[in-house]
Amino acid sequence: MTRVAPSMLSADFSKLGEEIKRIESAGADWVHLDVMDGMFVPNITIGPVVVESIRGLTRMPFDVHLMIQKPIRYVKMFADAGSDMLTVHVEAEGDVKAALKEIMDLGVKSGITLNPGTPVEELDPFLDLVDLVLIMTVEAGFGGQSFRENGLSKISYIKKYAESNNPKLEISVDGGINRDTGKRCVDAGATVLAAGSSLFKLNDMGKEIALWKTYGPNAKE
C-alpha cells in the first residue's frame, strides 16, 4: 500500500499540534518535516526543539528532510529529538557518507535525496547505506512549486536498483504531488507520497489520502 506523508511545511504553524492531530485522523502514515538552514536553501524553517516539542503528540513516524549544509553537525540533535528517519542531500557540503553512517549508528533510518537538476546516478555511491531515497520533483526549499517530469525516470531508476538489491527500500517523492502526479509516481515505483499544499488546502483531507492509498499493485493488501 502506498504511504502518505503530509508535509508540515504547508501546515498552519500557529496551531502545529492541531495540524498533527488533523493529519493523523485523516489516515496519514508519516509526518514529513522539512528542515531548512538558510544556507543550503535560502529559507529557514524548524530545528530540533520544534521536532522534540511535537514528538509526544503522535506515534506516526517522523520523516525529517534535512536541507542543510554539513548535515553531520545536526544528525544527533535531530535523532535525539525523536526523528525516525533522517534524509540528507547528495549536494550538501561536507561528508555525506559519514552523515549517513552516523544516522545508522544512532539507530535512525537513513535517507538520501537530490534536487531535480542533479543526475540520479550521483546517488549510486550511497544507495547501500540508506533505507529511503527521496526524489525531489521541485527545487528544495520552497513550497507550492509545480511538478517536474524528470522525477519519474529517477523513480524508475531507483526502483530497478531496489528490485535487484534492496526490495525494502522506500522510494519517496516530494514536490507538486496531487492525485494525478502522485499516481504517476507510484506507477513509476514510488512507495511514499509526500505532499503539502494539495492536502492542507482541503477541509477534509481524509478522502484524498484514502484515494492515494489505492494507488499501486498492492493497495488492497
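## Salt bridges

The structure holds 10 salt bridges, a salt bridge being a side-chain nitrogen of Lys or Arg within 4 Å of a carboxyl oxygen of Asp or Glu. This is a predicted model, in which local features need pLDDT of at least 70 and side-chain atom pairs count only at pLDDT 80 or more, while totals for chains, interfaces and linings use all residues. Residues are numbered from 1 along each chain as its sequence is written, and side-chain values use heavy atoms, with hydrogens and water left out.

One of the salt bridges joins aspartate 29 to lysine 213, at 3.3 Å from N to O. This pair links distant parts of the chain, 184 residues apart: aspartate 29 is in the loop between helix 1 (16–25) and strand 2, and lysine 213 is in the segment after helix 8 (206–212). Helices (H or I, at least four residues) and strands (E, at least two) are DSSP runs, numbered from the N terminus. Aspartate 29 is partly exposed, with a relative accessible area of 21%, whereas lysine 213 counts as buried at 16%. Buried means under 20% relative accessible area, exposed over 50%, and partly exposed in between (1.4 Å probe, protein chains only).

## Salt bridges at 4.0 Å

Aspartate 180 and arginine 184 form a salt bridge whose closest N and O atoms are 4.0 Å apart. Both residues belong to helix 6 (residues 179–188), where they are four residues apart, about one turn of the helix. Aspartate 180 is partly exposed at 47% relative accessible area, and arginine 184 is partly exposed at 30%.

Eight strands make up an open sheet with parallel pairing, in the order 1-8-7-6-5-4-3-2. Strand 1 (3–6) and strand 2 (31–36) each have a single partner strand, so one side of each is left without a neighbour in the sheet. From one strand to the next the twist averages 25 degrees. The axes behind this angle are lines fitted to C-alpha atoms, for helices over the stretch in contact, and angles run from 0 to 180 degrees between N-to-C directions.

Two strands pair if DSSP finds at least two bridges between them. Strand 5 (residues 109–114) and strand 6 (residues 132–136) pair in the parallel sense over four bridges. Leucine 114 stands opposite isoleucine 135 in strand 6.

## Lysine 70

Lysine 70 lies in the loop between strand 3 (62–67) and helix 3 (75–80). Its phi is near 45 degrees, a positive value in a residue other than glycine. Lysine 70 is partly exposed, with a relative accessible area of 43%.

On a 1 Å grid over the protein atoms alone, a cavity is a set of points where a 1.4 Å probe fits but cannot get out, and lining residues have an atom within 4 Å of a point. Grid points are joined across faces, edges and corners, and a volume is the space filled by probe spheres set on the points.

The largest cavity has a volume of about 40 Å³. Its lining consists of Met8, Leu9, Phe13, Leu33, Asp34, Thr45 and Ile46. These residues divide into five nonpolar, one polar and one charged. Ala, Val, Leu, Ile, Met, Phe, Trp, Tyr, Cys and Pro count as nonpolar, Asp, Glu, Lys and Arg as charged, and the others, Gly among them, as polar.

Definitions and conventions
1 Å grid on protein atoms, 1.4 Å probe; cavity = no way out; pocket = protein on both sides within 12 Å on 5 of 7 lines; lining within 4 Å.
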